[in-house]
Amino acid sequence: MTTDSRATPFDDPTAEEAAQAVGVEVRPVAGHIGAEIGGVDLAAGLDDARVAVIRAALLRWKVVFFRGQRLDHAGHVAFARRFGEPVVLRGRGSASPADFPEIETTADRLELGGRFGMEHEEWLRRRRHTLLRGWHCDHGARVDPPAATILRAETVPPYGGDTTWSNLAAAYAGLSAPVREFVAGLRAEHRLGVGYQPRPGDDAYVRHLLDHQVASVHPLVRVHPETGERVLYVNGYYVEQITDLSRAESRAILDMLLEEATRPEYTVRFRWEPGSVAFWDNRATIHLAPSDNAHLGFPRTMHRVMLTGDIPVGADGRPSAPVTGTEPGRW
Ligand SMILES: [Fe+2]
């Protein structure tokens with residue numbers, strides 16, 4: 001029986017040998033996306049060879065998972081720095097550690113919703129009222145969205161609370177040739193707060209959105225700056241309208257593209273444990289935060305570091321453009 005070379009964790013045999021040489025195991029967990037990486041202790045620091053293996057696995061599998069790690073905040077930031085420049089946010093959730101401005105901590109029920117005069121759950125429901133709206137890349141309305149996100153689990157519920165990612169390069173490749181060609185020339189406006197369902201009467205979150213508008217025009221098909229792959233650059237959370245199309249045309253085409261982008265075969269779902277780390281390519285994936293755990297009442301505490309990213313460039317060679325509230329490199 002012959003083994004197809006694609007059955008190995010990497011398409012490139014040199015990358016495979018490099019991983020073996022340093023004892024790093026890359027185990028894909030789904031057909032198009034996601035690999036668990038074993039044989040590395042992230043807290044011990046990484047040499048260049050291990051960094052190269054992890055980077056290759058990330059580019060190939062779009063999200064990589066590590067289990068049983070014992071990273072603290074300093075170790076988390078140090079790990080992130082091996083792969084890029086951590087983002088320092090001006091505003092962070094109240095549970096974030098004061099001494100580590102690169103880390104944003106999300107602790108359920110302590111989050112943003114409370115600031116806007118409603119329970120966090122209601123706020124989430126108003127933001128993610130349809131199945132596809134929850135799918136997003138991090139800070140996708142910026143003109144230069146983060147290149148990657150590294151999320152570390154501290155406390156997780158005993159069940160529920162999984163995160164799901166989808167591979168947008170696979171989604172693009174899966175479109176028919178005429179549709180690939182059609183969408184490659186299009187651009188879309190991405191805007192924070194699109195589709196938020198306001199509360200009746202005065203809604204503090206609507207006022208907040210109006211005071212803090214963030215919007216950019218991104219290509220609908222982005223060329224990945226490292227792999228050269230074409231990426232179907234859509235998400236349910238930020239994309240407002242395909243430029244130059246009518247509202248009706250845009251809605252129908254976006255719905256179709258989003259449905260393609262979130263086909264189960266392009267996704268992977270991760271069951272968190274304390275000490276789990278997920279590291280994803282925010283340029284080639286969208287993800288869905290869990291919505292099946294809030295009602296259970298179990299605590300869930302996660303720490304996030306993002307890496308700064310480039311301005312996307314379309315298949316037509318044109319870069320994204322800011323519309324409002326976003327400047328390259330300014331957070
Ligand atoms: Fe996210």
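1. F270 counts as buried, since its relative accessibility is 2%, where buried means under 20% relative accessible area with a 1.4 Å probe and protein chains only. W272 is likewise buried at 2% relative accessibility. The model is predicted, so that local features need pLDDT of at least 70 and side-chain atom pairs count only at pLDDT 80 or more, while totals for chains, interfaces and linings use all residues. Residues are numbered from 1 along each chain as its sequence is written, and side-chain values use heavy atoms, leaving out hydrogens and water.

2. F270 and W272 form an edge-to-face aromatic pair, with 5.0 Å from centre to centre and 80 degrees between the planes; rings of Phe, Tyr and Trp (its six-membered ring) pair if their centres lie within 6.5 Å, and planes under 30 degrees apart count as stacked, over 60 as edge-to-face and the rest as tilted. Both residues belong to one aromatic cluster together with F65, W165 and W280.

3. The largest nonpolar core has 31 residues, of which V26, I37, F66, F79 and F279 touch the most other members; such a core is a set of buried Ala, Val, Leu, Ile, Met, Phe, Trp, Tyr and Cys residues joined through side-chain atoms within 4.5 Å. A second, separate core of 29 residues includes A188, L254, L258 and I286.

4. H303 is buried, with a relative accessible area of 3%, and its side chain is joined to that of E154 by a polar contact of 2.5 Å (a pair of N or O atoms within 3.5 Å; within protein, one must be able to donate a hydrogen and the other to accept it, and residues adjacent in sequence count only if both atoms are side-chain atoms).

Terms used: Buried means under 20% relative accessible area, exposed over 50%, partly exposed in between (1.4 Å probe, protein chains only).
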